[in-house]
Amino acid sequence: MLKINEIYYSIQGESSKAGLPCVFVRLTYCNLRCTYCDTEYAFYDGKDYSIEEVLKEVKKYDCKLVEITGGEPLVQSECLTLLKKLCDDSFEVLLETGGSLPVKEIDRRVKIIMDLKCPSSGMMKKNLYENINFLKSTDEIKFVIGTREDYEWAKEIMNRYKLDEKCEILFSVVFGALEPLILVNWILEDKLKVRFQLQMHKFIWDPAAKGV
Ligand code: SF4
């Protein structure tokens, strides 16, 4: 069984798939406590679903793009089976993970979108850097940046692990903490090979809204 917080249909707000209709499956629990977390409601609340029940629910939306998110989906080991079954059923599958739990066993057909937690998150020490070795060129690494210190740290990590040769790099702002224009200017000044992104759903709906 999996503890599921919510399943809903919306527009993908982030990543290289931003703007596309997508079914979201939000798993309960998270092993981290980021300072800027906007999904604290997923830490404990949820309902038990069998994998078959999740698949049945997802199929109702007639949409081939599915994101498994949280909380931290990898806290529940059965998440790996869910990812595999969705791939077997010909879904295009995205997994959002905070980057503190191993990604090695994830089905290779899944697009992993993995955070590396910056200093202002308060969770930087939880980053599992060996995960970088198991990412594919089709995966994405995300830095959520709230301060200049975060930005400098992200650049240093990109250089140290040659991340821009590995896969796509996403730079986001911590919503409400750093002006998007400031981050964009830093990226352009430094000619960084990264994709700037906004959390599109926070501009379409109320930033605090659930299920969007
Ligand atoms: S990893 Fe995500 S869900 Fe968990 S505390 Fe951080 S922002 Fe919240």
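A residue is buried if 20 or more other C-beta atoms lie within 10 Å of its own, exposed if 12 or fewer, and partly exposed in between, with C-beta atoms placed from the backbone. The model shown is predicted: local features need pLDDT of at least 70, side-chain atom pairs count only at pLDDT 80 or more, and totals for chains, interfaces and linings use all residues. Residue numbers start from 1 along each chain as its sequence is written.

**View 1. Two loop residues with positive phi.** Ser90 sits in the loop between α2 and β5; helices (H or I, at least four residues) and strands (E, at least two) are DSSP runs numbered from the N terminus. Its phi is near 70 degrees, a positive value in a residue other than glycine. Ser90 counts as exposed because it has 9 C-beta neighbours inside 10 Å. Tyr29 lies in the loop between β2 and β3. Phi of Tyr29 is also positive, near 90 degrees. Tyr29 is partly exposed, with 17 other C-beta atoms within 10 Å.

**View 2. The open sheet.** Nine strands take the order β3-β1-β2-β4-β5-β6-β7-β8-β9, with mixed pairing; two strands pair if DSSP finds at least two bridges between them. β3 (47-49) and β9 (195-197) stand at the edges. Each has a single partner strand, so one side of each is left without a neighbour in the sheet. Neighbouring strands are turned by 30 degrees against each other on average, direction ignored. Axes here are lines fitted to C-alpha atoms, for helices over the stretch in contact, and angles run from 0 to 180 degrees between N-to-C directions.

View 3. β8 (residues 168-173) pairs with β9 in the parallel sense over 3 bridges. Phe171 has Phe196 in β9 as its bridge partner. Helix α4 (residues 180-190) packs on the sheet and touches β7 (140-145), β8 and β9; contact means that the C-beta atoms of two residues, placed from the backbone, lie within 7 Å. The direction of α4 makes about 145 degrees with that of β8.

**View 4. Strand β2 and its neighbours.** Of the 7 residues of β2, 6 are buried, so the strand is largely enclosed by the rest of the structure. β1 and β2 run antiparallel, joined by 7 bridges. Tyr8 stands opposite Phe24 in β2. On pairing with β4, β2 runs in the parallel sense over 4 bridges. Arg26 has Thr69 in β4 as its bridge partner.

**View 5. The buried side of helix α2.** Cys79, Leu82, Leu83 and Leu86 are buried in α2 (residues 79-88). They cover an arc of only 100 degrees around the axis, which puts them on the same side of α2; the arc is that of the directions from the helix axis to the C-beta atoms. An α-helix has 3.6 residues a turn, so residues three or four places apart point the same way. The cover over these buried residues includes β1, β2, α1, β4 and β5 (92-97).

View 6. Around the ligand stand Cys30, Leu32, Arg33, Cys34, Cys37, Thr39, Gly70, Gly71, Glu72 and Gly98; a residue counts as near if its C-beta atom, placed from the backbone, lies within 6 Å of the molecule. The shell has 4 nonpolar, 4 polar and 2 charged residues. Ala, Val, Leu, Ile, Met, Phe, Trp, Tyr, Cys and Pro count as nonpolar, Asp, Glu, Lys and Arg as charged, and the others, Gly among them, as polar. The Gly70 to Gly71 peptide bond is cis, with omega near 15 degrees. Gly71 is found in the loop between β4 and α2.
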